Amino acid sequence: MKGREREEKEKRRRREGKRGEELSSCLEPYSLYQNEQKRVVVPFIAGSRAKAFISFMQNNVTTKNIIAFQARYLGVRISCYGNNTAERQQRVHSIQRGYHEMGSFWYSCRDIVAVRQFFTAKVYAQSTTGLTALAWSQSDSKVIESTLCRLLRKITNRWFSVKDENGQLQCTFDNRQLLGWFGLPRHHVELRVQRLLMYQCWSQFPEDFEQPIACLFGEWPKECSSQFRSDGRPACTFAQSEPWTKQILRDFKSLCEIDKGRDFFEELDFRIAFLFS
């Protein structure tokens, strides 16, 4: 029995080493290299017993690298469950930490402009930085936005509150009005603007952004399967597309809501890949 387990572990090591060599060979022509000592393996397993299999791998599989449920990559967390729950929870903690670091400032400062500036820099900025790297849903943004507005209500109680029947202070603004008064966009809107600015940089300097463009459109490494056809349009219907493709389609469609954006979107005619070629 022990001999069989030892043989299985050796097979896993060889398999992992082969995958690492394949990835290194793909990266090398682009002057990109792995740090194998710091590599963390985040397995993604689908199915009814996925959590049990992942737990087994974490506790029993011996490899050269760490096997983890989640890992930080370029500032954001990726999870073995294929969702943003870990990163979303981390953002909530960061927002709360930024708020509490200012202590009594929120209640002692009478300059509302200063309060607005500090809230934007210390709290709101924590909720958006780096999230353009993820396929972020609007439901994820709602969770973060509710936390932001709860903290805003604590700050603005002295300015925008009235007493209810029980003598408790109640804010008279809803979430949208509260963010608007502070000059803050809704969370999903801010992320969409940041992504559109990112796409603009990609289209202007495609040679500087080969890696993210290739990851999205499947042109690098060569073995990747493209989500877009040769005419620049998505290869699948919207419902069948993977999350990043859906996100970029939603982002470009949102341009219809601004001046001359509809003309640009109609002229583009879903040939999105041509913007980055």
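How are α8 and α10 oriented to each other? They are roughly perpendicular (65 to 115 degrees). This is a predicted model: local features need pLDDT of at least 70, side-chain atom pairs count only at pLDDT 80 or more, and totals for chains, interfaces and linings use all residues. Residues are numbered from 1 along each chain as its sequence is written, and side-chain values use heavy atoms, without hydrogens and water.

**α8 against α10**
- α8 and α10 (residues 243-253) pack at about 95°, with axes 10 Å apart.
- Axes are lines fitted to C-alpha atoms over the stretch in contact, and angles run from 0 to 180 degrees between N-to-C directions.
- From α8, Arg 192, Arg 195, Leu 196 and Tyr 199 meet Gln 247, Ile 248, Arg 250, Asp 251 and Phe 252 of α10 (heavy atoms within 4.5 Å).
- The residues of this contact divide into 4 nonpolar, 1 polar and 4 charged.

**Pro 185**
- Pro 185 lies in the loop between α7 (175-181) and α8 (187-204).
- Pro 185 is partly exposed, at 29% relative accessible area.
- Leaving aside neighbours within four places in sequence, Pro 185 contacts Tyr 124, Leu 179 and Glu 190.

**Helix α5 (residues 112-122)**
- Ala 114, Val 115 and Phe 119 are buried.
- These three cover an arc of only 130° around the axis, so they sit on the same side of α5.
- Gln 117 and Ala 121, on the other side, are exposed.
- Buried means under 20% relative accessible area, exposed over 50%, and partly exposed in between (1.4 Å probe, protein chains only).
- At the start of α5, a side-chain oxygen of Asp 111 comes within 3.1 Å of the backbone nitrogen of Val 113.

Note on methods: Helix = DSSP H or I, 4+ residues; strand = E, 2+ residues; numbered from the N terminus. Parallel < 35°, antiparallel > 145°, perpendicular 65-115°, else oblique. Nonpolar A, V, L, I, M, F, W, Y, C, P; charged D, E, K, R; others polar. Arc of directions from axis to C-beta. Polar contact = N/O pair within 3.5 Å; in protein donor to acceptor, adjacent residues only side chain to side chain.
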